[in-house]
Each structure stands twice: as C-alpha cells, then as structure tokens.
Amino acid sequence: MGLPIICLIGRPNVGKSTLFNRLSHSRQALVSDFAGLTRDRQYAKVLLNDDTQTFTTIIDTGGFTNKVNLVDSGIQDQILSALEESDVIYFILNSRDGVISLDLEIASHLRRLKKNIILVCNKAEGLNPTLTTEFFELGLGKPILISAEHGQGIDNLINTTLPLLPKVTVNEEVVEGITIAVLGKPNVGKSTLINHILREKRVIAIDLPGTTRDSIYIPFERKGQQYTLIDTAGIRRKNSTHEKIEIFSIIKTINALERAHVVILVLDAQTGVTKQDASLLGMILDKDKALLIVINKWDGLDDYQKQEVKRKLEVKLSFISYTSVHYISALHGSGVDKLFTPINQSYQDACKQHSTSILNKILDKANHGHQPPLVKGRRLKIKYVNQTNIFPLTLAFHGNHLQNVPNAYERYLKKFFINSLKLTNIPIKIEYKSGN
Ligand code: GDP
Ligand code: GDP
C-alpha cells in the first residue's frame, strides 16, 4: 500500500528544500498563508521515471523541524519515524563545507537504521570531484555530486535511486464505498471513536502486509451505504499483547490522506489545538480533502470550560472556510452518529459535476459583489469558469493576467463559490487558464 518513500535529511542550509523543489518541480512559495499554521511543503508525490511510471512520495524532513531544534535536540521522533519507514534516504551534505560534526551525528543515526542511503553532495557545481573523497569516510557509500540549484547530477541521482525502490502492488479492491480517514495525534481517542462507529457491526479489518507505515482498512455498512474506515492508530495492534508506543507517523498520515474521500481530524477538547494538530491540519488542507473537525472528550468539561474551548477554536479555525466542527464523546458515543450526515453530504458534493452555465452565473455575481482587483495597473479579467475535476472539485478560471490573482481575491472566490453551490465540508481547488 502507498507509494515508495524517499526521505531527505541533512543539516540546515545544505539545500534540502531546493532539491525537494527540483524533484517535485514546484516553485511554490514556502510562505505560510495563515498565522500560526505551518504550510511549508513537507511532502510531494513525484513521478520519478516517466517510462516506468514510477511514482514516489518525497518527504523533506527539514519541513518538520525548525532549524534550531535539529541542532539542539538531535533528530526528533517525527523525523526518526519518517526515516525508519522510508525506502530510500537521501542524506544531503554541502560539498563545499566538507564533513562537519553535525553531519557525523546524523550519519551515526543513519547507519543504525540499515536503510538504503544515498549520500548526496550538493552545491557541487564547478567543483573538482576529487575534493569530495572525504565524504567516503562517513561509511555510507559513494557520494553522488549534484547541484540542486542548477539541476546538475539529478538524472544520475534518480538512476541510482530507481533500483532501490520496492515494486508497489496496489490493492485497490479492499477499498469500498466512502473512504474515511480518522486522523489525530496519539491519545485523542481515534480508536475509541472507531470502536464506537463499528459497535455491533461484524467487520473484518484488513491488516495489509504489515509494515508499520500501513494503516488498517475496515470496510463496513451503515444504513445501506458502504464505507471503509482508515484506522491510522491500529485498533488491532492495540489489542495485541505486543502493544507498541504509537509514534505519530507522517507516512501513515500521508498514505491515509491519499486514499481518503473524507477526513475526520480528531482534536482533544482538553488540550486545544496543539502544534502537532496544526501541522496535521496543514497536511490535510494541502490535499484538498473533505474535512470534519471533531472535538473529542467533550464529556470531561464543565459548562464554563466548554464555552472557553469553543471561543478559542473559533478563532484558531476561522481561516478554514469549508469545514464544520463537531463536539463529541467517543467514550460515551454522544454526537458520533450525527457525523454521518456531513460525511455523506460531503462525499456527494465532491462527486458532483456542475454545469458551466450555473458556474458562470455565480461568477457574474462574484464579480459584481467584489470586482477583480487591479494588479500592476491592470484590471484582472476573468472571462469564464468551468469545472475540470471532481475529488477535489476543481474550477478553471479563464481570462487575462490571472497568474497575478492575489491570495485575498482567490479566497474570496473560493468562499463565494462554496456558499453559492451550498457545498458541505469540501474545498474548491482553483486553476487559472490565462491568455497572457
Ligand atoms: P535547507 O535548509 O537544507 O532546506 O536548504 P535550502 O534549500 O533552503 O538552501 C540553502 C541555501 O543554499 C539557499 O540559499 C540555496 O539557494 C542554496 N543552494 C541550494 N542548492 C544549491 C546548489 O546546488 N548550489 C549552490 N551554490 N547553492 C545552493
Ligand atoms: P488514540 O491513540 O487516538 O487511538 O486514542 P484512544 O482511543 O486509545 O484513547 C486514548 C485515551 O483517551 C483512552 O484512555 C480513552 O479511554 C480516552 N478517551 C477516548 N475518548 C474519550 C472521550 O470521549 N472522553 C474521555 N473522557 N476519554 C476518552
């Protein structure tokens, strides 16, 4: 299940994010749109080889840490778990600096993992290759010289990587009906929620050939509708005698997100929105999935605390225009059944094909309500809009100079279309088709 994983690791400033962008061909700004939410691109689905249609997920572990932390506290749990679950690790170094002590520290972690590791010496443009012999001393094989910035050596890097990737066998038939991923940090109550949903139902969980990065897929039926729950916590694992401490797994989350139609993000009423929640939320928003936010353990609070939690959440989540918030107690089951109305509705909404004429009537109204802005002295002109995809619902806007649409106007358009089409819990993805 899931695509092969390549992880990028290295100390700050060696060029991880430059290589990540080079491989994922993304020049997207890494700036955060929303206060307090990390929206750095942390992972991307990348077509590594066109002929064999080899796709991989590339993870920039640098996106999961801040630079001070990596130096101060060594490799964090999150990064370590991503490394453990990856198929190939690119250990990036700066060819011009030689090996420094932090590189040695990372190398000693990596050697213990017994993984396929490729030493990638970056910033090697114009460099005499014999100067890089000291990298052999790391004991991690022959270094590959690249320049991420200038695109040199990338083909060589990819050709070295391809034979190391496992063959992926996709087991599509296990996933049926509406696929729901239940995500959240450890101990928020994911397993309790899943157990409640499945109570009295005879289900056979499908534990796919067990690497730690696979989730459990549980098909079930409710009121004549087929669903598959993606359980990232692993109820079966918890019931076994070999209970292991759950480390929040980025890779499990990514794979579950790829497969899900609808995501339930479970938060703990008693802790509020933590950094880990915010980072998960960032990953979900990037994938444009239908989203329900569930505040669990609502039973443990008094009325005053409930008011406080609601007030704080309203502020923290106000930037997401398309989600709904549900207050539940997975332990007692209160509020759980009600989740199925938005789950079903959001699935149906994400399947719908909207006619071009209706979309253009909405566009007229949107233009009327708020004229497209002037950018560099020219008025942006959106001539028409049509739908180009479902899951996520994707609208293509056609016109002139649309590459310059400001973020604020794009947000306005999204919100206007979401409200006008009366969409439940699903985002709209926007594409621009610009004349010039
Ligand atoms: P990260 O902290 O490891 O993600 O590093 P970045 O990708 O942010 O790069 C750090 C700096 O190195 C930036 O100023 C990049 O422009 C520069 N850089 C990245 N790749 C190369 C390269 O191949 N050659 C040179 N000369 N500079 C590079
Ligand atoms: P997971 O790691 O996200 O799967 O979390 P679990 O389902 O294992 O729950 C972690 C702990 O929180 C357990 O001790 C649960 O009994 C408790 N818990 C789960 N849901 C609730 C709830 O709605 N209210 C209260 N008070 N405790 C809960």
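Q: Which residues are the closest to ligand 2, and how many surround it?
A: Ligand 2 is surrounded by 17 residues, and the closest are Gly-189, Lys-190, Ser-191, Thr-192 and Leu-331. A residue belongs to such a shell because its C-beta atom, placed from the backbone, lies within 6 Å of the molecule. Please keep in mind that this is a predicted model, in which local features need pLDDT of at least 70 and side-chain atom pairs count only at pLDDT 80 or more, while totals for chains, interfaces and linings use all residues. Residues are numbered from 1 along each chain as its sequence is written, and chains are lettered from A and ligands numbered from 1 in the order in which they are written.

Q: What gives the most to the shell around ligand 2, and how do its residues divide?
A: Helix 6, residues 190-197, gives the most, with three residues. Helices (H or I, at least four residues) and strands (E, at least two) are DSSP runs, numbered from the N terminus. By class, five shell residues are nonpolar, eight are polar and four are charged. Here Ala, Val, Leu, Ile, Met, Phe, Trp, Tyr, Cys and Pro are nonpolar, Asp, Glu, Lys and Arg are charged, and the others, Gly among them, are polar.

Q: Which residues are the closest to ligand 1?
A: They are Gly-15, Lys-16, Ser-17, Thr-18 and Glu-149, out of 16 residues that surround this ligand. Helix 1 (residues 16-24) supplies the largest share of that shell, three residues. The shell around ligand 1 holds three nonpolar, nine polar and four charged residues.

Q: Into what domains is the protein divided?
A: Domain 1 covers 5-164, domain 2 covers 178-351 and domain 3 covers 356-434. These bounds come from an automatic or database domain assignment.

Q: How many residues of domain 2 are in contact with domain 3?
A: 15 residues of domain 2 are in contact with 13 residues of domain 3. Contact requires C-beta atoms, placed from the backbone, within 7 Å of each other. On the domain 2 side, strand 12 (290-296) and helix 11 (340-351) are the elements that give two or more residues. Helix 11 brings the largest share, six residues. That side divides into seven nonpolar, six polar and two charged residues.

Q: Why is strand 4 called largely enclosed?
A: A residue is buried if 20 or more other C-beta atoms lie within 10 Å of its own, exposed if 12 or fewer, and partly exposed in between, with C-beta atoms placed from the backbone. Six of the seven residues of strand 4 (residues 88-94) are buried, so the rest of the structure largely encloses this strand.

Q: How do you know which strands pair with strand 4?
A: Two strands pair if DSSP finds at least two bridges between them. Strand 1 (residues 5-9) and strand 4 have four bridges in the parallel sense, and strand 4 and strand 5 (residues 116-122) have seven, also parallel. Both counts meet the cut-off, so both are pairs. As examples, Cys-7 has Ile-89 as its bridge partner in strand 4, and Tyr-90 stands opposite Ile-118 in strand 5.

Note on methods. Contact = placed C-beta atoms within 7 Å.
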